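Have the sequence and the structure open as you read.

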Amino acid sequence: MKKLKETIMTWLPAIFLAILTFLTCSSQLLYSFDKIISDRLYQVPTPTSKLIKIIAIDEKTIEKYGDMKTWSRDIPAALVEKLMEEKEASPALIAFDIMYVGQVTEEGDKRFAEACEKAGNVVTAVNMVIKPRVSLDGAGKAVIDRNHVEMVEYPYEQLRQASSYGFANTLQDSDGYIRFSKTRMSYEGETIPSFSMEIYEQYCKRNGIEKIPVKTFSDDLFAFTYSGKSGSYEVLSMCDILEGSIDQRTLKDSIVLIGAYAPGMQDAYHAAVQRGAQMYGVEIHANILEALMEGKTAVFVNQFFYGFIGALLVLLYYACCKKMKIIPSTVLLFVLMGAALFLGKFLYAKGYVTDVAELLLFFLIVYAFWLVKGYLSEIWRRKKVLSAFKKYVAPQVVDEIARQGEFHIALGGENRHIAVLFVDIRGFTPMSESLEPEQVVEILNEYLELTTNSIFKNSGTLDKFIGDATMAVFNAPFDLEDYIFKAVCTARDIAAGSEALEKRLMERFGKSVSFGIGVNCGNAVVGNIGCDFRMDYTAIGDTVNTAARLESNAKRGQILISKDVYDAVKDRIEAEEVGVIPLKGKSNGVFVYDLKNIL
């Protein structure tokens, strides 16, 4: 059951991320965010067609002929007449991205219509007035038709009869950028092609070219690829054409688009190919036209299928990261992200749009999840190791390792002035012979807990357990303030705690235990002693040996301290002179005091 629970907890984040990936990819929740990436991935400018040319109503033309709103139709009529002046050098098609709605002057209107009729290759623009409409479906449920055509603004009647036409409406995406168009729309039984579509169809018809099929959604919508940014197409000033300063032969057999090409004419839009900069409407139509001519149209892949594949890939990457270390996981992340970008680019070339940003984002989320999880796990593992390490090594040593982040363990030591404490159970051997082994261990553990807590309470370093004896050092491995007095306080705390422990053990086992304690201070060699594969942090030297001998000479409940210890703390303790006592292994005796109390 525990293993099952661990498995569930391990894979629960993966399942959650997979579901979130599916919902995000299939519903395009991050659509606007994705377009920031996909526009740069898919909308890559290429050399534009030399066939398409733009005649610009630019600042030069406006300066010459005045505001376009004040023009009579004689001006566009003169343009058509000029373009068709030499039949052998005339354009294949002339398309006006300008609305000519209503009458202006009878003579000018008539002249323009007649010029277009005579040319026989003119396409004009209509405007579809689109307003959302609420209607009821078959089940009586209210639905909103956001593409309902309220009315159509046609060219004035004479021009309508003299030219073909298409709607010049730009279709802005939800983020305000133009990356979609429509092949046609319907109004009161009439199917009206888009401006670019009408130009394309007329061009194919006149030149006997088979049309390239357009990939469209169910509502005749299609995505298109821009061929160029602003200024990519050849642009000629309308003023220069009318004045004859441009050789007409440069326009031979070309498709000529005429439109606004000056600031303030309110015909500029945000184009996906140049984020942050606007493009004139006539250039957008030129890009749509070229996309139709080259088959650079696309539709979205099946979003449900894409969401499913995305969720599966995220699960697989999660599983890989679970088994991999950080470097392979990072390499795999870049491989997957590169593969996703390549696949998106490949599918787009085949006419299918994928929103790669969502997939890239969730790959990064999976990577970040394992990165953070690994970091937190390492912290937790480190904490557990250090906690366990403290059971075997002095906590001060472990804390310093954690603080510094590294600790170079090597054989050797340093000469330091330290205080050393030894404490041993009196009568432990005969007691252990009369008790069960489990009882002996229990008594020993309670005793060692008392000595250890007392040592740590006074900032000492637990050096080692030696059977039923405990050794502690003070002022090693790191400097400790007032360390001699703290060693004495530790001895007193052990003695005080032993009274309660002795009473408790008497009640439970009918056995009495007591302690003998010895404290000395002086110079000693402190460091790692042993060999390369097994070492112990300890103190060695005469100071240590003397402390051990003091403990062995102490009677039950007695704390013996050396004269050096007494001299260092005599103003803060009560002690009785014991005098000089011989110590095993030393040729001269040591003056000793019996610690009674701490003031």
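## The largest cavity

In this predicted model, the largest cavity has a volume of about 90 Å³. Here a cavity is a set of points, on a 1 Å grid over the protein atoms alone, where a 1.4 Å probe fits but cannot get out. Grid points are joined across faces, edges and corners, and the volume is the space filled by probe spheres set on the points.

Lining residues have an atom within 4 Å of a point. For the largest cavity they include Lys35, Asp39, Arg179, Phe180, Phe224 and Tyr348. Helix 2 (31–42), strand 9 (177–182) and strand 12 (221–224) each give two or more residues to this lining, and helix 2 has the largest share, with four. Helices (H or I, at least four residues) and strands (E, at least two) are DSSP runs, numbered from the N terminus.

Sorted by class, this lining has seven nonpolar, two polar and three charged residues. Ala, Val, Leu, Ile, Met, Phe, Trp, Tyr, Cys and Pro count as nonpolar, Asp, Glu, Lys and Arg as charged, and the others, Gly among them, as polar.

## The second one

How many cavities of 30 Å³ or more does a search of the whole structure find? It finds two. Of its 13 lining residues, Asn169, Thr170, Ser181, His285 and Ile288 are the closest to its centre. Strand 9, helix 7 (195–207) and helix 9 (281–294) each give two or more residues to that lining, which has seven nonpolar, six polar and no charged residues.

## About the numbers

Residues are numbered from 1 along each chain as its sequence is written, and side-chain values use heavy atoms, with hydrogens and water left out. As the model is predicted, local features need pLDDT of at least 70 and side-chain atom pairs count only at pLDDT 80 or more, while totals for chains, interfaces and linings use all residues.

Methods. On a 1 Å grid over the protein atoms alone, a cavity is a set of points where a 1.4 Å probe fits but cannot get out, and a pocket is an open set with protein on both sides within 12 Å along at least five of seven lines; lining residues have an atom within 4 Å of a point.
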